[in-house]
Amino acid sequence: MKLKWGLSFLFFIVGLSFLTFSCYQNRVYDWDMPGYLGSVYSWEFPDDAKKVQEKVYSDIEKEASKAEFNDIVHSNYPNEVFYADYTAFGEQLPYYNIKIGFNAAVYFLYKLGFSGPHSVLLVNIFSYFISGLLLFYMLKLFFPKNHFIAPLLSLFIFWLPPVRDMAQNPTPDMLVFVFLMLFIISVLQKKSELLQFIFLLCCVLIRPDYVIFAISYLFVVLVIKYLKEDKQISYSLIIQGFSIVIIYVAIIKYYNYPGWKDVFYDSFIYRRPIISAQKAEFTFQAYWDLVVFKLINFKRITLVSIVLLCSTFYLSKDTWLRVLAILFFANIYIKFLFFPQGGTLRFFIGFVVLLLIIFLNALSKKYNGFQLRKIM
């Protein structure tokens with residue numbers, strides 16, 4: 001048995017290493033790169049905004065291809081302004097500064113000696129590999145008597161373009177994915193509330209918009225515990241929720257984050273080259289029309305999510321698994337309502353994979369006599 005799993009793991013490691021190297025070779029230098037580099041360099045030169053802006057673009061130009069660099073600085077008017085005006089560039093940085101967990105990881109690699117642009121991308125490359133190991137670990141637990149499912153299914157999932165996009169692009173999504181995987185492992189293995197809270201907090205520190213997911217999970221657990229434990233309120237969960245909200249608000253305030261309305265305006269209505277020169281004003285009707293239009297590009301996620309949710313309900317009568325499936329499904333659409341970028345699947349693939357894991361858990365319990373085992 002150990003020999004078979006050893007060979008299975010060896011096959012998986014070879015495949016994952018190949019995929020990871022492929023992601024590294026196809027790494028992308030895009031419009032988000034200057035924002036994250038600017039955030040990190042601001043820690044190095046907090047009193048010299050012009051030097052930060054100049055260093056950002058000069059460092060990217062050294063590594064990116066000519067076509068990629070031209071796309072970053074000349075693809076549209078706002079990008080040209082950011083490239084030419086350090087004040088306009090600095091006004092964009094709060095959108096990126098708030099992702100302090102990701103920026104801290106980039107800064108760590110930068111201080112180790114990697115270049116700035118390389119540090120941004122290597123965080124995702126390392127995260128991709130670690131996430132693959134975590135997924136293999138879970139599938140090995142789900143299907144302990146089948147040596148083929150864990151490596152093949154893990155490699156298939158990490159071969160999917162949306163997952164590889166997270167690794168290849170300079171965004172925090174792949175690093176968040178690591179902590180989402182750790183979170184779901186801790187939930188399914190019934191680890192301590194403190195450990196689950198730490199993983200949720202890490203998600204919020206990396207991408208503050210995950211505060212909605214964190215609070216919704218804590219609220220659901222609070223309600224379930226209240227109903228199951230003779231109407232006793234879990235004050236520890238309330239403290240955890242307030243702690244996450246306080247940390248979120250502190251981050252937003254400290255970095256002068258413009259707010260959701262500004263993000264939505266700049267992302268979907270008009271990208272302001274100078275934020276301070278124009279207010280982010282739009283009507284609810286304009287917002288609603290855009291959401292409805294973007295739903296057209298969301299059909300793949302919708303179809304996959306509904307199939308996984310219904311399949312989980314069909315396979316399992318476990319109330320907790322069903323609640324988790326509904327929670328992950330709901331968070332896909334909550335995120336979509338706040339940021340309806342339906343064609344960019346990397347924004348939602350983390351929740352879809354969590355939904356897939358719940359489905360596989362239900363499947364393994366029904367057909368493989370699966371029993372959860374503790375780590376170590």
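What share of the 376 residues in the chain is buried? I looked this up before anything else. Buried residues make up 51% of the chain. I note that the model is predicted.

**Entry: the whole chain**

I went through the secondary structure next. The chain has 20 helices and 0 strands. Along the principal axes they come to about 65 × 50 × 40 Å. Then I turned to contacts between residues at least 6 apart in sequence. Of these, 74% join residues at least 24 apart.

**Entry: α10 against α11**

I picked one helix pair. Two packed helices are described by the angle between their axes and the distance between the axes. Helix α10 covers residues 149–159, and helix α11 covers residues 161–168. I find an angle of about 65 degrees and axes 5 Å apart. The class of roughly perpendicular runs from 65 to 115 degrees, and α10 is therefore roughly perpendicular to α11.

Which residues of α10 and α11 meet? From α10 I list I157, F158 and W159. From α11 I list P161, V163 and R164. By class, this contact has 5 nonpolar residues, no polar ones and 1 charged.

**Entry: the buried side of α10**

I listed the buried residues of α10. They are A150, P151, S154, L155, I157 and F158. Where do they sit around the axis of α10? They cover an arc of only 160 degrees, which puts them on the same side of α10. An α-helix has 3.6 residues a turn, so residues three or four places apart point the same way.

I then asked what covers these buried residues of α10. The cover includes α1 (2–25), α9 (116–142), α11, α12 (173–188) and α20 (349–367).

**Entry: R272**

I moved on to a loop residue. R272 lies between α16 (260–269) and α17 (284–294). Is R272 buried or exposed? The cut-off for buried is under 20% relative accessible area. R272 has 1% relative accessibility, so I count R272 as buried.

I set aside residues up to four places away in sequence and listed what R272 touches. The charged partners D262, D266 and K279 are among them. I also have F82, Q92, Y95, Y265, Q278 and A280 in the list.

P172 is 100 residues from R272 along the chain, and their C-alpha atoms are separated by 23 Å.

Notes
Residues numbered from 1 in each chain as written. Predicted model: local features only at pLDDT ≥ 70, side-chain atom pairs only at ≥ 80, totals over all residues. Heavy atoms only, no water. Axes fitted to C-alpha atoms, helices over the stretch in contact; angles between N-to-C directions. Helix = DSSP H or I, 4+ residues; strand = E, 2+ residues; numbered from the N terminus. Parallel < 35°, antiparallel > 145°, perpendicular 65-115°, else oblique. Contact = heavy atoms within 4.5 Å. Buried < 20%, exposed > 50% of the residue type's maximum accessible area, 1.4 Å probe, protein only. Arc of directions from axis to C-beta.
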